[in-house]
Amino acid sequence: MHSYACFSVERGLVMALFGKKKRTLISHKPDMNALPKHIAIIMDGNGRWAKKRHLPRTAGHSVGSETFRKIATYCNDIGVKYLTVYAFSTENWSRPQEEVSAIMSLLKKYVLEAIDSVEKDNIHLRFWGDRSRIPKELLELMEYAEKKSETMTGIFVNVCLNYGSRDEITKAVQKLAGAVRAGELEPENITADMVSESLYSAGTPDPDLIIRPSGEIRVSNFLLWQSAYSEYYFTDVLWPDFDERELDRAIVSFQNRSRRFGGVEAKK
């Protein structure tokens with residue numbers, strides 16, 4: 001039976017306040033009329049999944065890529081409008097070259113398949129991140145996939161590739177600083193909306209729900225600006241084992257929270 005960090009914390013607080021009482025288990029079937037509009041996922045645990053099975057880390061990434069495909073299809077089927085996934089960070093270049101090459105090959109395979117299916121599945125595909133280090137062939141495929149899918153009206157799938165949120169924010173600040181230097185903008189007139197519009201995510205609503213599999217409880221430089229009021233869901237399940245039922249659990253947890261955005265809960 002999987003252990004869910006968020007449930008463990010909630011249970012601990014209840015036990016501390018009220019003592020041992022019988023728990024009321026929430027349903028694992030989401031309300032399809034109250035889905036989060038934007039779900040973001042840190043796809044973590046591929047290497048540990050492979051290690052547990054005495055397989056090379058590349059095998060974990062291969063299975064993890066299939067999990068991504070499965071979860072993206074499910075999100076599209078149930079009506080989630082935006083899905084953003086953390087595929088490769090700015091720090092991941094420090095991994096062994098064999099592993100980096102395998103990840104790039106898997107990304108190329110995914111993009112090739114996406115090019116063939118975006119129209120059939122009505123998927124709008126975008127890539128967020130610094131493109132300067134992306135291999136030329138992969139970069140050309142990414143640009144072609146974005147162009148081919150730009151008129152699609154189904155789910156928006158954002159793949160964060162060579163992405164780091166601090167790097168993203170730094171580039172946004174540099175862009176605004178350039179406008180100030182050019183005399184196009186006064187520093188005191190810079191607004192939060194201007195910063196948002198200078199990020200890779202410009203035009204995309206902030207994530208409602210961010211999911212972190214694999215038992216780690218940290219944000220790992222992912223969507224730091226955009227996640228100011230996101231709900232987080234942590235689970236011990238490794239990404240290759242994450243399936244539609246696990247996503248349902250995360251959505252149900254989200255639906256059982258009160259989102260106040262700094263205000264107070266409305267009286268019922």
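Buried here means under 20% relative accessible area, with exposed over 50% and partly exposed in between (1.4 Å probe, protein chains only). Keep that in mind for the tour. You're looking at a predicted model, where local features need pLDDT of at least 70, side-chain atom pairs count only at pLDDT 80 or more, and totals for chains, interfaces and linings use all residues. Residues are numbered from 1 along each chain as its sequence is written, and side-chain values use heavy atoms, leaving out hydrogens and water.

**Start with β1.** Select 38-42. Strands (E, at least two residues) and helices (H or I, at least four) are DSSP runs, numbered from the N terminus. Both faces of β1 are covered: His 38, Ala 40 and Ile 42 are buried on one side, Ile 39 and Ile 41 on the other. In a regular strand, side chains alternate between the two faces of the sheet.

**Stay on Ala 40 and look both ways.** Ala 40 stands opposite Thr 84 in β2 and opposite Ile 210 in β5. Five bridges join β1 to β2, and three join β1 to β5; strands count as paired if DSSP finds at least two bridges between them.

**Zoom out to the sheet.** Six strands make an open, parallel sheet in the order β3-β4-β2-β1-β5-β6. Its edges are β3 (124-128) and β6 (231-234), each pairing on one side only. Neighbouring strands are turned by 20° against each other on average, direction ignored; axes are lines fitted to C-alpha atoms, for helices over the stretch in contact, and angles run from 0 to 180 degrees between N-to-C directions.

**Next, select β4, 156-163.** Eight of its eight residues are buried, so β4 is largely enclosed by the rest of the structure. Seven parallel bridges tie β4 to β2 (82-89), with Thr 84 partnering Asn 158. On the β3 side there are five bridges, and His 124 partners Phe 156. Now trace the chain from β3 through helix α5 (136-149) to β4: this β-α-β crossover is left-handed. (Right-handed would be a clockwise path from the first strand over the helix to the second, with the strands pointing away from the viewer.)

**Finish around β5 and β6.** Helix α8 (244-255) lies across β1, β5 and β6, at about 135° to β5. In the loop between β5 and β6, pick Ser 214, buried at 6% relative accessibility. Show its contacts (heavy atoms within 4.5 Å): beyond four places in sequence, Ser 214 touches residues including Asp 44, Arg 48 and Asp 236.
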